[in-house]
Amino acid sequence: MLRLAWAGLALACSAAQALAGSPPPAEDPGNAPMRFEWRREGPADVCGSSCRVWISAIGYLTSDTAREFEAFAEKRDVRGAVLVLDSDGGSVLGTIALGRAIRRLEMVTTVGKTTPLPPAAEGDRRAKLTPNASCESMCAFLLLAGSRRYVPPQAHVLVHQIWLGKKRKNALDSSYSAEELNLVQRDIGRLAQYTVEMGGGIDLLETALRVPPWEPLYALSKEEIERMRLNTTATLFDQEPPTTSSISPAAAAALATVGHPAPRRD
């Protein structure tokens with residue numbers, strides 16, 4: 001019995017040491033507030049002089065996202081750049097403010113997943129762009145902001161009603177004040193105005209408002225994406241790809257990131 005007890009203790013200690021030495025789980029960028037990064041296609045020996053450049057926008061939208069994007073845009077020439085969205089939505093007013101900033105800069109919007117590649121050389125940070133990504137909730141309305149918009153066939157655009165963020169997870173059992181209901185109605189009106197302003201189909205908003213927050217998000221079909229004018233071009237990089245000369249030296253040396261943790265608000 002004593003030998004068994006010591007064996008059990010040794011096993012427990014070994015397990016504890018293994019757990020203590022295990023690396024922490026990798027951070028999921030999608031669970032953080034949206035951040036913006038310059039990305040250059042790789043590997044370099046594959047795309048050569050035709051390596052494409054884009055800005056990745058990963059994470060959820062907050063009331064501060066537009067301000068953080070403006071700070072990002074002030075330091076780099078982003079006019080006309082491709083903005084790749086990978087987001088599950090967030091703040092209504094934050095989306096509207098960011099969308100208008102994107103339109104002023106005549107950017108191209110798309111849905112995609114940006115995966116960093118191991119650096120082949122010091123300071124050479126490359127990434128892979130794939131279409132198997134999701135643009136959910138308010139991200140669909142952010143997609144509208146592009147002067148040109150491209151939704152690849154493999155991407156998913158999903159929508160649902162806007163709701164009070166703090167009560168969304170318990171929407172059916174929550175009670176609501178007149179002030180809260182007025183807030184939702186006000187934001188619906190603002191979102192309708194924004195949708196028309198961006199040249200989107202108003203049926204995008206109508207479709208979203210038919211899906212309550214306690215039901216699964218509704219995935220738009222290819223036909224709906226076309227009809228709602230979320231897709232306006234047949235290809236993404238159909239113009240001459242930006243070159244590294246259009247990026248500031250600081251951005252070329254180290255891809256800049258903006259954004260900081262903040263409470264999520266829908």
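Let's start with a helix pair. The axes of helix 4 and helix 6 come within 10 Å and cross at roughly 20 degrees. Angles under 35 degrees count as roughly parallel, so helix 4 and helix 6 are roughly parallel to each other. The crossing of helix 4 past helix 6 is left-handed. Keep in mind that this is a predicted model.

Which residues meet there? On the helix 4 side, they are V92, L93, T95, I96, G99, R100 and R103. Helix 6 answers with R186, D187, R190, L191, Y194 and E197.

Now helix 6 itself. It spans residues 178-197, 20 residues in total. From first C-alpha to last, helix 6 reaches 29 Å. That is close to the 28 Å expected at 1.5 Å a residue.

Next, burial. In helix 6, the buried residues are E180, V184, D187, I188, L191, Y194 and T195. Look down the axis of helix 6: its buried residues fall within an arc of 130 degrees, so they line one face of the helix. An α-helix has 3.6 residues a turn, so residues three or four places apart point the same way.

What covers the buried residues of helix 6? The cover includes helix 4 (92-104), helix 5 (138-143) and helix 7 (203-209). So much for the buried side.

Turn to the face pointing away from the buried side of helix 6. There you find the exposed residues A178, E179, N182, Q185, Q193 and V196.

Last stop, the end of the helix. Just after helix 6 comes G199, with a positive phi of about 85 degrees.

Methods:
Residues numbered from 1 in each chain as written. Predicted model: local features only at pLDDT ≥ 70, side-chain atom pairs only at ≥ 80, totals over all residues. Heavy atoms only, no water. Helix = DSSP H or I, 4+ residues; strand = E, 2+ residues; numbered from the N terminus. Expected span 1.5 Å × (residues − 1). Buried < 20%, exposed > 50% of the residue type's maximum accessible area, 1.4 Å probe, protein only. Arc of directions from axis to C-beta. Contact = heavy atoms within 4.5 Å. Axes fitted to C-alpha atoms, helices over the stretch in contact; angles between N-to-C directions. Parallel < 35°, antiparallel > 145°, perpendicular 65-115°, else oblique. Left-handed = near helix turned anticlockwise from the far one by under 90°.
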